[in-house]
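The sequence and structure are shown first.

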Amino acid sequence: MNNELLSINGTVIKPGTRMTIDLPAGRLYTHTPMTIPVHVISGKRPGPRLFLSAAIHGDEINGVEIIRRLLMLPALKRLRGTIIAVPIVNVHGLINHSRYLPDRRDLNRSFPGTDKGSLAARLANLFMTEIVEKSTHGIDLHTGAIHRSNLPQIRANMDHKETEKLARAFEVPVIISSRLRDGSLREAAAEYGIPMLLYEAGEALRFDEIAIRGGVKGIINVMRNLEMLPPSRRKSKKYIESVVARSSVWVRAPDSGILRSMIPLGHRVKKNTLLGVVADPFGESEVNVTTPYSGIVIGKTNLPLVNEGDALYHIARFEDINEIEARMDEFHEEHSPELIDSPNPDSPII
Ligand SMILES: [Zn+2]
């Protein structure tokens, strides 16, 4: 695929080796140098170069754990091609438990960036030149924002053939198809013709075991599809077919108050279904929240304290909502943590 040896920040990674490279990313105002840690695994045999990134939003930590588990897989001994793993892209944000950079900019709205722009633009530019431009494929890992959970889902441009193939290979019940014009990493990678998936699952600042397992498995599935890993030996394994939504809508709070939520994440809803009730603390005024469309709840707030206009439920619109329920059950069954008697340091984290 690409015969030239991979080099990151001037360090050449030879086939059959793995190493951590600290990518220089300026200084803190304490004089302390800042670096973005990158772990590269180069297979003995040539193949695609897949970058895996997490915590571009610094408080989204499920992806950090997904990458940690993935890097420990014994199967990587037989890797074809290269994994370029960047578990913490927004180091400043992660340290501060914050989605943003210290200047309040959103890194995922700052791509492709420039080396003369804001701190966010410079970091975006560094990530593009040292990671994305050297890759053939990419998967970026996200969660919902603070106090918001997302159903495990892939976001990808399903009008692009190779991207569509990878999105379906990931095996999540729901794919949201979208093209972007928003300064995101996904948009910038598309400009370079690099097929890229975005995996969204769980909530900021929390571990979610099903989301983590689904992410690890999804990346393995994509790597098998790219022939970076040999096919699964489990013959009985059921393929989870995804359902693709072309649009989604946020249902917002009609009034300020305290939300009693009636519908869990992943629930299918028909038009006008009651999702929750917003009430004042005395129970004197109660306002129903209903969905204007049929679909699946792919995101929801976990905080019952809401202001008028707050986004409460994210509904993906589907033509056939019956079909998706079974897919969701299969996914849950496949990744559900078993009940355990003694704590396991690796998983599950419950
Ligand atoms: Zn995010």
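## Residue classes and the largest cavity

In the classes used here, Ala, Val, Leu, Ile, Met, Phe, Trp, Tyr, Cys and Pro count as nonpolar, Asp, Glu, Lys and Arg count as charged, and the others, Gly among them, count as polar. On this basis, the lining of the largest cavity consists of three nonpolar, four polar and four charged residues. The structure under discussion is a predicted model.

A search of the whole structure finds one cavity of 30 Å³ or more. The volume of the largest cavity is about 50 Å³. Eleven residues line the largest cavity, and those closest to its centre are Glu171, Lys217, Asn221, Glu334 and His335. At least two lining residues come from each of α6 (209-225) and α7 (321-335). The greatest contribution to the lining is that of α6, with four residues.

The cut-off for a buried residue is under 20% relative accessible area.

## The largest pocket

About 650 Å³ of space lies in the largest pocket. Its lining comprises 27 residues, and Arg109, Arg155, Glu200, Trp250 and His314 lie nearest the centre of the pocket. The elements that give two or more residues to this lining are β8 (148-156), β9 (174-177), β10 (196-203), β12 (247-252) and β19 (311-317). By class, the lining of the largest pocket has six nonpolar, twelve polar and nine charged residues.

## Strand β19 and its partners

Strand β19 is largely enclosed by the rest of the structure, because six of its seven residues are buried. It is joined to β12 by six bridges, and these two strands run antiparallel. Within this pairing, Trp250 stands opposite His314 in β19; both residues are among those nearest the centre of the largest pocket.

Strand β17 (residues 295-301) is also antiparallel to β19, with five bridges between them. Which residue of β19 is the bridge partner of Gly299? The partner is His314.

## Other strand pairings

Four strands form an open sheet in the order β16-β15-β13-β18, with antiparallel pairing. The edge strands, each of which pairs on one side only, are β16 (286-290) and β18 (305-306). Strand β15 (residues 274-279) is joined to β16 by five bridges, and Val277 stands opposite Asn288 in β16.

Strands β3 (residues 18-27) and β4 (residues 33-42) pair in the antiparallel sense over eight bridges. Arg18 has Ile41 in β4 as its bridge partner. Together β3 and β4 form a hairpin with five residues between them, and His31 in the turn has a positive phi of about 90°. Strands of a sheet pair through backbone hydrogen bonds, either parallel or antiparallel.

## Backbone geometry in the loops

Most residues other than glycine have a negative phi, and most peptide bonds are trans. Leu205 is not a glycine but has a positive phi of about 60°. Leu205 is found in the loop between β10 and α6 and is partly exposed, with a relative accessible area of 26%. Asn272, also not a glycine, has a positive phi of about 75°. Asn272 lies in the loop between β14 (268-269) and β15 and is exposed, with a relative accessible area of 53%.

Phe111 and Pro112 are joined by a cis peptide bond, with omega about 0°. Pro112 is placed in the loop between α2 (91-95) and α3 (119-130).

Conventions
Residues are numbered from 1 along each chain as its sequence is written. This is a predicted model: local features need pLDDT of at least 70, side-chain atom pairs count only at pLDDT 80 or more; totals for chains, interfaces and linings use all residues. Side-chain values use heavy atoms; hydrogens and water are left out. Two strands pair if DSSP finds at least two bridges between them. On a 1 Å grid over the protein atoms alone, a cavity is a set of points where a 1.4 Å probe fits but cannot get out, and a pocket is an open set with protein on both sides within 12 Å along at least five of seven lines; lining residues have an atom within 4 Å of a point. Grid points are joined across faces, edges and corners, and a volume is the space filled by probe spheres set on the points. Buried means under 20% relative accessible area, exposed over 50%, partly exposed in between (1.4 Å probe, protein chains only).
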